[in-house]
Amino acid sequence: MRLIRDLSNYVGAEDIIHVPLVEDVTEDRLVWKEETNGQYSVRSGYRVWKNSKKSHNPENGVEDWNDLWYILAPPRVKHLLWRICKGCLPFRARLSQRQVPCPTNCHFCGLTEEDDRHIFFVCSETNSCWRAAGLFDIVAPLLHRHNDIKSLILYVCSKVDRKVAGLFACMIEMLWQNRNDFIWNNEKEEASRLWWLAFHKWQEWFLAQNSQVNEAAPYQSSLDFASFWLVQVQRRRGF
Ligand SMILES: [Zn+2]
């Protein structure tokens with residue numbers, strides 16, 4: 001308290017001292033958020049440094065998309081992720097901003113403007129799909145960490161296993177197709193079936209790519225995949 005009084009004028013110091021503290025307040029300590037135990041390690045320090053270099057090259061201002069192209073997913077799916085990151089998909093809010101006369105509300109829930117973040121992660125319809133996949137509890141914290149969809153997608157591409165990121169990307173593709181089918185044909189898939197389709201499309205592609213080396217399917221079911229991703233994310237909970 002003496003330190004506070006020394007640093008501030010009298011009125012300011014009293015205001016600071018009278019701010020109520022939460023009951024379970026403990027002594028402050030330094031925490032390294034990149035490790036679950038809060039302790040700094042050279043390994044995680046190196047990873048942070050490497051990722052900060054990857055995400056942006058200040059010398060030429062060019063973004064680095066290597067992590068996105070490196071995930072294990074069909075090329076068209078990776079291209080879709082890139083288009084989402086570049087803000088190219090014709091969502092209603094975006095069309096409206098460009099003076100295209102069209103409704104702006106989400107076609108599924110009608111509750112808010114339709115943009116990429118809403119369609120891929122926030123809409124109740126979409127939530128059902130992530131829940132059906134057993135991944136909602138994993139996706140939800142990512143939404144809190146990332147204000148824009150580009151940083152969320154690049155996070156998954158750079159931090160998560162390449163196969164898992166590929167499956168995640170296939171799910172995004174199915175959500176996009178489902179949105180288009182609903183808008184243009186008034187047809188949509190059940191949440192559980194949407195995930196099932198994404199999972200099996202990815203498995204098919206993966207096995208076709210690896211048929212010459214007889215690689216076994218990495219996940220026997222979508223549940224295997226969800227468990228695997230959970231481990232991945234828990235390992236990196238510090239992010
Ligand atoms: Zn919606």
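Helices are DSSP runs of type H or I with at least four residues, and they are numbered from the N terminus. In this predicted model, helix 11 is followed by Asn186, a residue whose phi is positive, near 55°.

**Helix 11 and its crossing with helix 5**

- Helix 11 covers residues 162-185 and helix 5 covers residues 75-85, and the axes of these two helices come within 9 Å and cross at roughly 75°.
- Because angles of 65 to 115 degrees count as roughly perpendicular, helix 5 and helix 11 are described as roughly perpendicular to each other.
- On the helix 5 side the contact is made by Val77, Lys78, Leu80 and Leu81, which meet Ala169, Cys170, Ile172, Glu173 and Trp176 in helix 11.
- The residues of this contact between helix 5 and helix 11 divide into seven nonpolar and two charged, with no polar residue among them.
- An α-helix has 3.6 residues a turn, so residues three or four places apart point the same way.
- Helix 11 has 24 residues, which at 1.5 Å a residue should span 34 Å, and this agrees with its end C-alpha atoms, which are 34 Å apart.

**The nonpolar core**

- The largest nonpolar core has 42 residues, and those with the most contacts inside it are Leu81, Ile153, Ala169, Cys170 and Met171.
- At least two residues of this core are supplied by each of helix 5, helix 7 (116-122), helix 8 (124-132), helix 10 (149-159), helix 11 and helix 12 (191-209).
- Of these contributors, helix 11 gives the most to the core, with ten residues.
- When neighbours within four places in sequence are left aside, Ile153 is in contact with Leu81, Ile84 and Cys85.

**Residues with a positive phi**

- Most residues other than glycine have a negative phi, and most peptide bonds are trans.
- Asn186 has a positive phi, near 55°, although it is a residue other than glycine, and it lies in the loop between helix 11 and helix 12.
- Asn186 counts as exposed because it has 8 C-beta neighbours inside 10 Å, where the cut-off for an exposed residue is 12 or fewer.
- Gln99, which is likewise a residue other than glycine, has a positive phi near 70°, and it is found in the loop between helix 6 (92-97) and helix 7.
- With 6 C-beta neighbours inside 10 Å, Gln99 also counts as exposed.

**Pairs of residues compared in sequence and in space**

- Asp64 lies in the loop between strand 2 (62-63) and helix 4 (66-70), and it counts as partly exposed because it has 14 C-beta neighbours inside 10 Å.
- Along the sequence Asp64 and Leu154 are 90 residues apart, while in space they are 9.9 Å apart, taken from C-alpha to C-alpha.
- Gly45 is found in helix 3 (residues 42-55), where it is partly exposed, with 13 other C-beta atoms within 10 Å.
- Gly45 and Glu34 are eleven residues apart in sequence, and their C-alpha to C-alpha distance in space is 7.9 Å.
- Arg145 lies in helix 9 (residues 136-145), and it is exposed, with 10 other C-beta atoms within 10 Å.
- Arg145 and Tyr155 are ten residues apart along the chain, and their C-alpha atoms are separated by 9.9 Å.

Terms used
Residues numbered from 1 in each chain as written. Predicted model: local features only at pLDDT ≥ 70, side-chain atom pairs only at ≥ 80, totals over all residues. Axes fitted to C-alpha atoms, helices over the stretch in contact; angles between N-to-C directions. Parallel < 35°, antiparallel > 145°, perpendicular 65-115°, else oblique. Contact = placed C-beta atoms within 7 Å. Nonpolar A, V, L, I, M, F, W, Y, C, P; charged D, E, K, R; others polar. Expected span 1.5 Å × (residues − 1). Buried ≥ 20, exposed ≤ 12 C-beta atoms within 10 Å, placed from the backbone. Core = buried A, V, L, I, M, F, W, Y, C linked by C-beta atoms within 7 Å.
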